[in-house]
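Here's a quick tour of one model, written for someone who likes to know the cut-offs. Have the viewer open as you read.

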Amino acid sequence: MEPYLNAHAAHRELLYKEFAHSIAWSTAGGRRIKVSASRHRSAPDSKEWILSPRDAATFLAEALEVAVENIHNDGKFFSRYLSAVDPDLVSEFERDRPKVRFTQGGGKAELLKLVEAAGAKGASRGFPVRVIVVADSDRRFPMHKEAETERLLAAGTASGLAVVILDKRSIENYLSDRFLATYATRYPDVAPMVAFLLALSPEQRDHIHMKTGLRPSPGPEADLYADLEVSEVDAFQLPRALEAFLMDHEATVTRADLIGRACDTEFESIAAKIRTEL
C-alpha cells in the first residue's frame, strides 16, 4: 500500500485525515495524545506535540520508564509506598508486558545525563521520550537547594521531561514508625537508635542522614539539631534499616503509615504524575 500512497498524494492525505478523525485522541493508560494528519506543535512555543498517526503509534507502543537511582532499592521502595495510595498503578508495573517499568538511572550525575540524552532524542525525532525521573532531594535542612538536584530539575524543565524530587532527604527518611518499632524489637541492638530517631522533630527526622548519621555543617544544618545532645548525635546511625525493610517480604505500607510520616499527599501526587505520563 505504501507505493500506492506515495504515488497518490491526495489519497494519502485523505487516508491520514480519516485515520486522524477516527481516533481524534489516542490513549495509553491515562495519557491522551492529540493526533493529526501531520506532526506539529499546538503553538510555536508549546511543549505539547500533535503527532502524526505513525508517530503516535510509535509513542504509544513505548513503555513509560520511571528512572530511579537504584532500581533494586528504589524500585521496591516505590512499589510498596505507591501501593498504599494506588494499588492498581503498581499492578501495571507487574504485568508480563508492562506499560510502565522502573529503570536504573544511577546517581544524580547519571540521571542528569539520562534527562539530557532523552531530551535530545525527543528533539531529534520530533516527539518526547517516555521517561519520568524520581530522585532523592538530598536536602540537609528545610529549603536547602542541593546543587545536583537543582541541575537535574533545570535539565528536566529544559527538555520537557518530568522530574520528581522527594520532599524528604532520601527514601530512608520515609520509613514508618510501625516498621521501625518492629525493626527495634527484632534487632535489640538498634533499639536505642530507633528511639532516638522517633524522638526527633519532623523536620529533623526528614533531613537526618539515616545511614551515616549526623555530621552537621555550621549554619542552618547545625541549627536544625541544636537542641540535641552531642553524644546522641555522634552515636546515631541506622545503616541497615532500609535493607531490613526491603528484605522483609511481610513488611507492608498502609495509608496510615504515610499519614504518620506526613507523606500521603506526596505519594498521591507521584502516582498521579506517573498516570499522567502513561
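## Ground rules and confidence

This is a predicted model, in which local features need pLDDT of at least 70 and side-chain atom pairs count only at pLDDT 80 or more, while totals for chains, interfaces and linings use all residues. Residues are numbered from 1 along each chain as its sequence is written, and side-chain values use heavy atoms, with hydrogens and water left out.

The protein chain averages a pLDDT of 87, and 84% of the residues score at least 70; pLDDT is the predictor's confidence in each residue, from 0 to 100. Helices here are DSSP runs (H or I, at least four residues), as are strands (E, at least two), numbered from the N terminus. Over residues 21-30 the pLDDT is below 50, though this stretch still has 21 contacts in the model beyond near neighbours in sequence. A contact means heavy atoms within 4.5 Å. Where pLDDT is low, the predicted coordinates should not be read in detail.

## Helices α6 and α7

Two packed helices are described by the angle between their axes and the distance between the axes. For α6 (residues 108-125) and α7 (residues 147-159), the angle is about 10 degrees and the axes are 9 Å apart. That makes α6 roughly parallel to α7. The label goes to angles under 35 degrees, with over 145 counting as roughly antiparallel, 65 to 115 as roughly perpendicular and the rest as oblique. Axes are lines fitted to C-alpha atoms, for helices over the stretch in contact, and angles run from 0 to 180 degrees between N-to-C directions.

On the α6 side, the contact includes Lys108, Leu111, Leu112 and Val115; among the α7 residues they face are Glu148, Arg151, Leu152 and Ala155. The contact's residues split into six nonpolar, four polar and four charged. In that scheme Ala, Val, Leu, Ile, Met, Phe, Trp, Tyr, Cys and Pro are nonpolar, Asp, Glu, Lys and Arg are charged, and the others, Gly among them, are polar.

## Salt bridges

The model has 15 salt bridges, each a side-chain nitrogen of Lys or Arg within 4 Å of a carboxyl oxygen of Asp or Glu. One of them joins lysine 168 and aspartate 206, with the closest N and O atoms 3.0 Å apart. It links distant parts of the chain: lysine 168 is in the loop between β8 (162-165) and α8 (177-186), and aspartate 206 is in helix α10 (residues 202-207), 38 residues apart. Lysine 168 is buried at 4% relative accessibility, and aspartate 206 is buried at 16%. Buried means under 20% relative accessible area, exposed over 50%, and partly exposed in between (1.4 Å probe, protein chains only).

Aspartate 248 and arginine 186 also meet in a salt bridge (3.2 Å, N to O). Aspartate 248 lies in the loop between α13 (241-247) and α14 (255-260) and arginine 186 in helix α8, so the pair ties together parts 62 residues apart in sequence. Aspartate 248 is buried at 12%, while arginine 186 is partly exposed at 46%. Elsewhere, Lys108, Asp138 and Glu146 are linked in a network of salt bridges.

## Leucine 224

Which residues does leucine 224 contact, leaving aside neighbours within four places in sequence? They are Arg140, Phe141, Pro142, Glu203, Gln204 and His207. Leucine 224 sits in helix α11 and is buried, at 16% relative accessible area. Leucine 224 and phenylalanine 141 are 83 residues apart in sequence, yet 7.0 Å apart in space, C-alpha to C-alpha.
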